[in-house]
Amino acid sequence: MNFKLRIWRQPNRKSPGKLADYEVLDISPNTSFLEMLDILNETLLGRGDEPIAFESDCREGICGTCSLTINGEAHGPDHPGAVCELYMRKFRDGATITVEPFRVGSFPIVKDLVIERSALDRIVQAGGFISARTGSAPEANSIPVAKHNADLAMEAAACIGCGACAAACPNGSAMLFTSAKVSHLALLPQGHPERESRVLKMVQVMDAEGFGNCTNTYECEAVCPAEISASFIAKLNREYARAVLQRSAGE
Amino acid sequence: MIGSFDAKIPPGPLAQKWRSHRDHSRLVSPNNRRKLEIIVVGSGLAGGSAAATLGELGYRVKCFCFQDSPRRAHSIAAQGGINAAKNYQNDGDSVYRLFYDTIKGGDFRSREANVYRLAEIANNIIDQCVAQGVPFAREYSGYLANRSFGGAQVSRTFYARGQTGQQLLLGCYQALCRQIAAGTVRMFPQTEMLDLVIVDRQAKGIITRSLRSGNIERHAADAVVLASGGYGNVYYLSTNARGSNVTATYRAYKRGALFANPSFTQIHPTCIPVSGEHQSKLTLMSESLRNDGRVWVPKRKEDREKAPGEIHDADRDYYLERKYPSYGNLAPRDISSRAAKEVCDEGRGVGPGGRGVYLDFADAIKRLGEETIRERYGNLFEVYEKITGEDAYKVPMRIYPAVHYTMGGLWVDYDLMSNVPGLFVIGEANFSDHGANRLGASALMQGLADGYFVLPNTLPNYLASQMGKRPSPDSPEFLQAEQDVRAKIDRLLKINGTRSLDSFHRELGLLLWEKCGMSRHEKGLREALQKIPELRQEFWRDVRVLGMNEDFNQSLERAGRVADFLEFAELMCKDALERDESAGAHFREEHQTSDGEALRDDERHAAVFAWEFGGDGQPPKLHREPLRFETVHLTQRSYK
């Protein structure tokens, strides 16, 4: 298969970037999208041109490193799945494909297709944990957890932290990411002691990092490689309201 | 040699060693802990849990990872589960059985005391993870669920769908985040360790390079902990993440740390077969699939091109069930991998290139219904469909073995300290617990045991004597190490040759896969030992690395790693040659039983092989640590 590529090139955070045109020929349909970029980079290297910087690590959709916008869609056309799980057989032979980084104000561009996502780490650092000191845990089966809640917590916890939700959102909102962590921990009895302070602090940092608000466009859910449901955003709102009410009642 | 080559196994009965060792180890008081700095390299299950726990204890921790966030360490990709001897199933499990299965699974090439401690601690890990909010699978009663894994006859594996590694890692990432917020841990993402600094024959710091800016920094500490994972990517194609590498441990080896059993590499039986030349990595299908999937190939060569549905049951060879009736499809990894290679070598392999076997769920779907199978393995079936375009609910999966895990690693004593005082090594980066073959669901167990429970208890034993001894990062040893790192980078950038990095890495990988892969023999290993130095010379003469150091330069970052693989590969082959026996994953064709199983030589080789760097261009020196078995009786490993 042959493809025309338009790829975002930007030398560093401060310099302006632009789309550059490339061509790749004779690509097997079983090549993954990132392998296709590897092949292009080998060609560039052979010509003495600087390879295109892009990040990936596990290449099986779980580490959340890869972060490309393909033809305007975060992670490309094969949902649900990360870019590293996208195969060239999903494209038409001869197609022109535009490749850009995730575009979110809170994820500055480092180089070409590489972005800086430490804002997501800071949201978790604000309270996305259960403060269980190592060694202080009771016997694992001492607190039964209803299977339904455990399964729902797992669905939320499956988030891979890629940031596609924010990239797809017209408001650049990280509500799906934040709601997944808040919901995961709020659904488990172990998460209850810090339930109110967690949601308040995480939302505060999320706002301070410059992410936008949710206006229910559901774009996040549509591109999420881990299929996190937007209903967790509703849960985040409930958790937040509950925490605010409890605080105002002096609890 | 720097330091001491003494395993320091505590005296006393096996079941009391760990308790009595802790009772007699030195401690560091809380007010002194904040004066001590610890470097942790790596943020996976071992590094992340160690950094978080040491931070909690009040030490000042610096944690480094090459990923852009600690949450992306490769532990995240582990699928199947984590073992513990809770015996929640009432099926006869116990700490002793978990210990015995693990040491037998490792073909009696690991230390009794270490493995027993691991089995003991496993239960604490499950407690800790549940308290952190890890959403393990549960039964309708609300209690924790278990499943079986290879090499065991009990159900002791805890799991979170097919994403157990992810959930355990996020648990320790969150604990780490808590400490970062508390200011006890400073995180250095996208930062790679390029050298170990030794001052007065003790590990006192590292040299790092920021992958973002190219900045090279010197970091001094009171102790250095390496948790940098395994070196499976030496084979180029493996199930490891693209970034996984040997650099941190190999450079520590070049500074005097011993490298133990480097040839013990695990080839996992259930991976998606290679589809083409441009493949950049292989994808694992969790071993848990073998709980319900049946492995088979056609009995006759002629049938291998037929669609699987057209081959009648009578014409199928369920070779694992046939050869190992008591473990069947749950035979351990090394044995299952070799059996797959054997049937493919006979010309009965399926799929393109004939390098594949079927993993068939038709019977399980008939017995349990598609819904149950979907609930158990749904995400794995989706991954399979994405990669191959095939629906495994309808046609059997095709699988083939692939490089997955490395049992070898830096040599450590019972305290997880290498021979270099002050250098601790945890998780996959050390050699300690899995012998010659690791059983499923025990890598996660070891990583977390080391990080949460072992290291925090053994590190003070060293640190107690180190108060006020931290050198300045401006001392001559640091300046020299920095200069060495810069010189190596300059050398790589100046070659400006014609061949790409990937072409060297691929060639090395293919060579190792053929000569030092699933089976090895003397002649092949000698050939590899001749070819690797030639390839290395060509690399240093003709590799093309573009750009400069002071930049986000991915070619440069990978060039350093490939350069280390090219040296390390030679050490692997030397070790494989020297170990003139078969043991676990190390199968020397010269040493097999009449029915093709691994034949150990306990008299000569019941030992850990620990290699000391002899200088560039000089042969390494072999040290042997004899393995003494006081509790278990060494037997021919049988899963029949």
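Predicted model: local features only at pLDDT ≥ 70, side-chain atom pairs only at ≥ 80, totals over all residues.
The contact between the two chains draws on 60 residues from chain A and 61 residues from chain B. On the chain A side, at least two residues each are supplied by helix 1 (33–47), strand 6 (109–111), helix 2 (118–125), helix 3 and helix 5. By class, this side of chain A comprises 27 nonpolar, 17 polar and 16 charged residues. Within helix 3 of chain A, which spans residues 147–157, the buried positions are A:A150, A:L152, A:A153, A:M154, A:E155, A:A156 and A:A157. The cover over these buried residues comes from both chains: it includes helix 5 (175–186) and helix 8 (231–248) of chain A, together with helix 6 (164–182) of chain B.

The largest nonpolar core contains 286 residues, of which B:I125, B:V225 and B:L410 touch the most other members. When neighbours within four places in sequence are left aside, the contacts of B:I125 are B:I82, B:A84, B:M445, B:L448, B:A449 and B:Y452. In soluble globular proteins, nonpolar side chains tend to be buried together.

Chain B also contains an open sheet of four strands, arranged in the order 16-10-18-19 with antiparallel pairing. Strand 16 (409–410) and strand 19 (621–626) of chain B each have a single partner strand and stand at the edges, so one side of each lacks a neighbour in the sheet. Six bridges join strand 18 (residues 607–612) of chain B to strand 19 of chain B in the antiparallel sense. The bridge partner of B:V608 in strand 19 of chain B is B:E625. Helix 16 of chain B, formed by residues 554–578, lies across strand 10 (259–260), strand 18 and strand 19 of chain B. The helix runs at about 145 degrees to strand 18 of chain B.

Two domains are assigned in chain B, namely domain 1 (269–403) and domain 2 (476–607). Their C-alpha centres lie 31 Å apart. Contact between the domains involves five residues of domain 1 of chain B and five residues of domain 2 of chain B. On the domain 1 side, helix 9 (residues 333–345) of chain B gives the most, with four residues. The residues on this side of domain 1 of chain B divide into one nonpolar, one polar and three charged.

Terms used
Residues numbered from 1 in each chain as written. Chains lettered and ligands numbered in written order. Buried ≥ 20, exposed ≤ 12 C-beta atoms within 10 Å, placed from the backbone. Contact = placed C-beta atoms within 7 Å. Nonpolar A, V, L, I, M, F, W, Y, C, P; charged D, E, K, R; others polar. Core = buried A, V, L, I, M, F, W, Y, C linked by C-beta atoms within 7 Å. Pairing = 2+ DSSP bridges. Axes fitted to C-alpha atoms, helices over the stretch in contact; angles between N-to-C directions. Domains from an automatic or database assignment.
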